[in-house]
Amino acid sequence: MQKGFNSDITVRGQKYHVQTEDWGLQNPFLVSRIFCNGAVMKTIKTPYDTVLRLGSSQTEEAIKLALRRQHSTIIDTLMAGGMP
């Protein structure tokens, strides 16, 4: 199972590190952190029930897709000059 993603991006000369993790079924959240110069600038914590359909037989795939989507959305927002 995919546990997370890490990306380094530069926007208008500023370097960011974006880290997105799946905290697992025991702590059902997708958590993204945006770092700048080693400091956490923002944390986005999304509960599973926000991104998954309850009782889905494809839970693992759905989590993987939601994880990728959250990570990509944050990068897209940063690249557009915004902060999620």
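## Exposure and the model

Residues count as buried under 20% relative accessible area, exposed over 50%, and partly exposed in between. By that scale Glu61, with a relative accessible area of 45%, is partly exposed. The structure is a predicted model, and every value below is computed from it.

In soluble globular proteins, nonpolar side chains tend to be buried together. The largest nonpolar core here has ten residues: Ile9, Val11, Tyr16, Val18, Ile34, Cys36, Ile44, Ile74, Ile75 and Leu78. Two or more residues of this core come from each of the strands β1 (4-11), β2 (14-22) and β3 (29-36), and from the helix α2 (59-79). The greatest contribution is that of α2, which supplies three residues.

Ile44 is a member of the largest core. With neighbours within four places in sequence left aside, the contacts of Ile44 are Leu30, Val31, Ser32, Ile34, Gln70, Ile74 and Pro84. Of these, Ile34 and Ile74 also belong to the largest core.

## Ser7 and its surroundings

Ser7 is located in strand β1. Its side chain makes a polar contact with the side chain of His71, at 2.8 Å. Beyond the neighbours within four places in sequence, Ser7 is in contact with Tyr16, His17, Val18, His71 and Ile75. Tyr16, Val18 and Ile75 are residues of the largest nonpolar core.

## Salt bridges

Side chains of opposite charge can pair when their charged atoms come close. The model contains two salt bridges. One joins the side chains of Glu21 and Arg33, at 3.7 Å from N to O. Because Glu21 lies in strand β2 and Arg33 in strand β3, this pair ties together parts that are twelve residues apart in sequence. Glu21 has 26% relative accessibility and so counts as partly exposed. Arg33, at 23% relative accessibility, also counts as partly exposed.

The side chains of Glu61 and Lys64 form a salt bridge at 3.9 Å, N to O. Both residues, Glu61 and Lys64, are in helix α2 and stand three residues apart, about one turn of the helix. Glu61 is partly exposed at 45% relative accessible area, and Lys64 is partly exposed at 31%.

Technical notes: Residues numbered from 1 in each chain as written. Predicted model: local features only at pLDDT ≥ 70, side-chain atom pairs only at ≥ 80, totals over all residues. Heavy atoms only, no water. Core = buried A, V, L, I, M, F, W, Y, C linked by side-chain atoms within 4.5 Å. Buried < 20%, exposed > 50% of the residue type's maximum accessible area, 1.4 Å probe, protein only. Helix = DSSP H or I, 4+ residues; strand = E, 2+ residues; numbered from the N terminus. Contact = heavy atoms within 4.5 Å. Polar contact = N/O pair within 3.5 Å; in protein donor to acceptor, adjacent residues only side chain to side chain. Salt bridge = Lys/Arg side-chain N within 4 Å of Asp/Glu carboxyl O.
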